[in-house]
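Please examine the model shown here. The report below treats the overall fold and then one selected position.

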Amino acid sequence: MLDLDAFMSDGYAKVENAALRTVADEARALLWRQLGVSAQDRDGWSEPVRWASDMTGFGPFGELLRSPDLATALDAVCGRGGWMPRGSLGNIPVRFPVSPPNDDRGWHVDANTPQANGTWTVTGRPHTVLLLTLLSEVSVNDAPTRIRAGSHHDVARVLGPDPVEPAEMGRLVDEASADRPVVLATGHPGDMYIVHPLTVHAADEHRGSTPRFMAQAPVLLTSPLTPTASSPLARVWENC
């Protein structure tokens, strides 16, 4: 069961065994085929990051998204009826133990607010919550997402309703949350993490030996998050 008090304090929650390991394994096998390389052929691992995707919710991908435990956790965090089910896992970065690592590991919050021209930007009034879905074993060495626990409280103080340019956003949220402890999003295939949209996080270098498959998809909220909202997500503005 999700610890709601811990989520409100730390800005993230792990949902262990949200889906069957076998389902996550099936999804990973499909992604290997999509990439055109294999787990056994290390010579084919030529880049530190490659992108795969699920745009249809086919087969095991849909099973992951229809997890009853995930729905229960999202109801607790967003409020019942406060989120929209996803139809697919979207774009999925696959991180390989290849040097040098990608220069994409800065502290940030994800784009969370749609604009009239169809693009997305970052504001302090987000329309999304972040879902991390582990599709492979992720140890401390396997490029786990790094999370600054409690940083959503800091970001709520420095971001407002106006859009912020990506470079400025990175500087703002990094400086605001620099003293927060870092937690690593490790786990087993089928585990999931729900991350507050204002929680600061970052990719990590792969120091292990097994490619890491982890989807990082936004879940849309049914209404933008504001200080007057009633869901646990809005508790971030208490004492700001």
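The text that follows describes the whole chain and then a single residue.

This is a predicted model, in which local features need pLDDT of at least 70 and side-chain atom pairs count only at pLDDT 80 or more, while totals for chains, interfaces and linings use all residues. Residues are numbered from 1 along each chain as its sequence is written, and side-chain values use heavy atoms, without hydrogens and water.

The protein contains six helices and eleven strands (DSSP runs: helices are H or I of at least four residues, strands E of at least two, numbered from the N terminus). Its radius of gyration is close to the value from the globule rule, so the protein is as compact as a globular protein of that length (the radius is taken over C-alpha atoms, and the rule is 2.2 Å times the number of residues to the power 0.38).

| Quantity | Value |
|---|---|
| Radius of gyration of the protein | 17 Å |
| Box filled by the C-alpha atoms, along the principal axes | roughly 50 × 35 × 35 Å |

Of the 240 residues, 50% count as buried (under 20% relative accessible area, with a 1.4 Å probe and protein chains only).

Alanine 143 lies in the loop between β6 (128-134) and β7 (146-148). Alanine 143 is buried, its relative accessible area being 0%. Apart from neighbours within four places in sequence, alanine 143 is in contact with Arg95, Asp204, Glu205, His206 and Arg212 (heavy atoms within 4.5 Å). A distance of 9.7 Å separates the C-alpha atoms of alanine 143 and valine 94, which are 49 residues apart along the chain.
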